Amino acid sequence: MTITAVPVIKNGCLMVRGKVILTGMPENVVISPVGSTAGFLGASSTVSSSRHVFNLGILENYKFMCLFIAKIWWMIPRVGKSASDIPLETQMLLLEAGEDSVLNVVDDETSEGTTSENKFYILVLPILDGLFRTTLQGTPSNELQFCYESGDPDVQTSQALKGVFIKSGDNPFELIKDSIKILAKIKGTFSHLENKKIPAHLDWFGWCTWDAFYTEVDPNGIKEGLQSLKEGGFSPKFLIIDDGWQETANEFQKEGQPLVEGTQFATRLTDIKENSKFKGSESDGSSTNLKEFIHTIKENYDLKYVYMWHALAGYWGGVCPSSEALKKYNPKLAYPVQSPGHIGNIRDIALDSLEKYGVGVIDPQKVYDFYNDLHGYLADNGVDGVKVDVQNLIETLGSGHGGRVSITKQYHEALDESIEKNFRDNNLICCMSHNSDSIFSSKKSATARASEDFMPNKPTFQTLHIASVSFNSLLLGEIVVPDWDMFHSNHNTAEFHGAARALGGCPVYVSDKPSKHDFNILKKLVLPDGSILRAKHAGRPTRDCLFVDPVMDGKSLLKIWNLNKLTGVIGAFNCQGAGSWQMKEAPDSSPNSTSTAAQITGHVSPLDVEFLEEIAGETWNGDCAAYAFNSGSLSRVPKNKTIQVSLGVLECEIFTISPIKEIDEKLHFAPLGLIDMYNSGGAIEEFSFKETITIKARGSGRFGAYSSKKPSSCKVDIKEEEFTYNAADGLLTINLQGDGSLRDIEIVY
């Protein structure tokens, strides 16, 4: 029998590479090939409707990981073994196939060194199909279903033929990347990240006002925060002025009356200009307008980029239909209609409130004019970009506008056009935008938040945050640079969050209150010139972590991998025992609880870093230098061997993995980078060797390298520098003085 990579339906079964994936498939399910390795699954009905739920067949006994919308704004991951474990609103499903994935041969205590050569992976991706959006879901009887909906009762169909994409591959990361590229080309509604302009703020340290002030933000508070960071030697180079600067009104909150919970979300925008807090007055000596304020803080605090916040609909409750300033955008009051999928998962107070109080919806035909006027005004006042929030709200307002996909596409196209016209460098951060309507309408936007907010006052949410951003980046990281959100440097989980940001390939920014900083954390993340050592890709779970629950199984560490130009990096995090996933109960036998203090032991290997061989070069023999940041230990490790790591709850360790070069028989060498920074290897720009070893590196501090023998001298920018060498482990260190500029290091033997 010829085994083909093209998915096929045979005898009521879905076959992929000779494996039966689904059984008991209904006769109305069809598959159409896409190239030689993929296909679209679809189905037809005898009736026309705006919402269909089709059975695809029975899915059992396959390890899987899925991403689903738990609450309308955000995805979270879930792992399982059969379709009954797949929640409503699932937007990505990754299966592990092969001999080891069948339950009766899976050994959870797999011995060290087991390879994955006999495994392959199947991506099942529900997508947009014309005016319809697709999601996956499972039933208690292990039926895998897909939901196909328009969000507008008047937009109906009986055919759902290209709503689910399916493809297989040997490498799960390449599989997802290739699939997104194929779909971007076929669909034309979105672009792969490689074809987008990346905002420049991503490579600089930043500060966001949200957790510092929430909506009470004002110019004096912003100046206090910038000043206290400057005094500590860590002036941010980008600033986000979050919610609280706009002119708004709320007809449901009466002055002097107690707040009715939920009415705050019905607040609506009344003008595109700033509110009175940011207009200031000459009598108190403050800036007299937004333009002067932006100019002052850029001048005094050496800011490169100032972003300002707004919602996709203007504000949480949209815009005020009776506002004279906004009437030209033809706003009308509308009441959100949530998908049954959202109602079946976790209801959200914001949406429930807006269903009651309504949203002032800008006419989709006028929304470009609104964005262009707003962004033009901000740009004229010195603002460099915007964070656009509350994006998934638009999916609930599709009725009468061609449906959720149609209205989302119109809003995103208008937003992209306005950003391109008014802000250089594609300066846009998308937020609360995890629905596939937004993901697969992202033609130009190049960065988006990767999970629900960092919440400093919720102890049980910290580990969930790190797990969510890394798993969500599997999908999001092919379309945008995932933004892992701000955090507090002065917080009991600051080390945990800071280390994750360092290897996430994401921006690094904090939301500290003025004078509430831990500069010992910041110096591990930020160079003296305000730049950061950002890794090349989105940080994602290592291959052996894809199908385990690093939050609730009580035994697994979360490992996240990334690449720099010349090194790999692996972060190991103990996310167990400090929180539980929403919509998932911990088993009675689980040791998971907020009081659990037990250590968990795992293993780290150079093989955890995907594509390491691409930066190692053709002559690499497979050996690596592995430097552990917190313990300060340096090991020489063959690529197929492991290092043991034991971590307590909310503890982490970062490993820089540097391929060792054999200079000659006696001299083996591997640069490590700035070993007092979390992502040490991010400092290395170039490395070459002839008569001497030469390295170009950014930043200042202790520069480390593995060397099999002691050098005779070391030079930095032609000047001879002192060095230390430990013959026991081969650690060579040189102290780099100065700022974040590029340094020339020469090592002579």
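Figure 1. The protein chain carries 71 positive and 94 negative side chains, and the centres of the two sets lie 3 Å apart. Lys and Arg count as positive and Asp and Glu as negative, while His and the chain ends are not counted; each charge is placed at NZ of Lys, CZ of Arg, CG of Asp or CD of Glu.

**Figure 2. Helix α3 and its surroundings.** Helix α3, a run of 13 residues (219–231), reaches 18 Å from its first C-alpha to its last, close to the 18 Å expected at 1.5 Å a residue, the expected span being 1.5 Å times one less than the number of residues. Helices (H or I, at least four residues) and strands (E, at least two) are DSSP runs numbered from the N terminus. Within α3, the buried residues include P219, G221, I222 and G225, together with L226, S228 and L229, where buried means under 20% relative accessible area (1.4 Å probe, protein chains only). Among the elements that cover these buried residues are β15 (206–208), α2 (210–213), β16 (238–241), α4 (290–301) and α12 (519–522), with contact meaning heavy atoms within 4.5 Å.

Residues are numbered from 1 along each chain as its sequence is written, and side-chain values use heavy atoms, with hydrogens and water left out. Because the model is predicted, local features need pLDDT of at least 70 and side-chain atom pairs count only at pLDDT 80 or more, whereas totals for chains, interfaces and linings use all residues.

Definitions and conventions: Buried means under 20% relative accessible area, exposed over 50%, partly exposed in between (1.4 Å probe, protein chains only).
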